[in-house]
Amino acid sequence: MKKALVGFGIVIALLIVAVLLLPFLIDLNDYKDRYQPMIEDALNRKVVLDEVRLTIIPRIGVRIAGFTVMDDPAFSRTPFASLASLDIGIKLMPLLRGQVEAEEMTLKEPVTTVINNQHGTLNVSTIGQQSTPPPEKPKEAPTAPPTAGGPLRALALLSVDRVALEHGRLAYQDQSKQQATDYTVQDLNVLLQSVRLGDMPHLHVDAIVQPYNIPLKIEGVVGPLVDTL
């Protein structure tokens, strides 16, 4: 009996060591090199991604660190959006059954700068636009009927218990007037709970609006979320 307990303890210890070593044994940066050009092509923006790695503590998941989307050079040479890190926690029990289900997503220190230039054009309007449109390809008959649903259909794949945005900042620069004006929503914290189709996520928002130093607080529910707007 004693030998069996010792053997069981050794197996458990080896499993714990193997789990702790996973982030060092599995390099997700190979996926970064594969998918970063696809993201840049989809956004039509230069993307900087420092690191992608597995996490074990405090929960099993993935951490994306140092993510930056550069602005359209016609507007500025500075970042359009950035965040210090994105942590995605994965539920353990579904993972043991071979299913990947997100438990929570945390965006830390996201910063977004929206610019309205002298011509009244927003920098967000050029996201995804290519400088020269690709040549049209002959239309092919679809092999399967198109998927029904609207823009929120992605929630069916991205359902998550908790989405948090911590210490964010949203800046708006209006250059369309003779005297340029800047507005900033700083110290922005957003919490959404139970984000999935059919549910009514609880929403909490707090921030400070500058230059007026106005505190902003929103508390309530959104939805129910449906697959059409």
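I started at Thr 126, whose side chain reaches the backbone oxygen of Asn 123 at 3.1 Å. I am working on a predicted model, where local features need pLDDT of at least 70, side-chain atom pairs count only at pLDDT 80 or more, and totals for chains, interfaces and linings use all residues. Residues are numbered from 1 along each chain as its sequence is written, and side-chain values use heavy atoms, with hydrogens and water left out.

I then found a polar contact of 2.8 Å between the side chains of Thr 126 and Arg 45. For a polar contact I take a pair of N or O atoms within 3.5 Å; within protein, one must be able to donate a hydrogen and the other to accept it, and residues adjacent in sequence count only if both atoms are side-chain atoms.

I placed Thr 126 in the loop between strand E5 (111-116) and E6; strands are DSSP runs of E, at least two residues, numbered from the N terminus. Thr 126 has a relative accessible area of 14%, so I log this residue as buried (under 20%; exposed is over 50%, partly exposed in between, with a 1.4 Å probe and protein chains only).

Next I followed Arg 45: its charged end sits over the ring of Phe 80, 5.4 Å from the ring centre (CZ of Arg or NZ of Lys within 6 Å of the centre and within 35 degrees of the ring normal).

Last, I looked up the tyrosines. Tyr 172, Tyr 183 and Tyr 212 form one aromatic cluster. Tyr 172 is partly exposed at 28% relative accessibility, and Tyr 183 is partly exposed at 29%.

Conventions:
Rings of Phe, Tyr and Trp (its six-membered ring) pair if their centres lie within 6.5 Å; planes under 30 degrees apart count as stacked, over 60 as edge-to-face and the rest as tilted. Helices (H or I, at least four residues) and strands (E, at least two) are DSSP runs, numbered from the N terminus.
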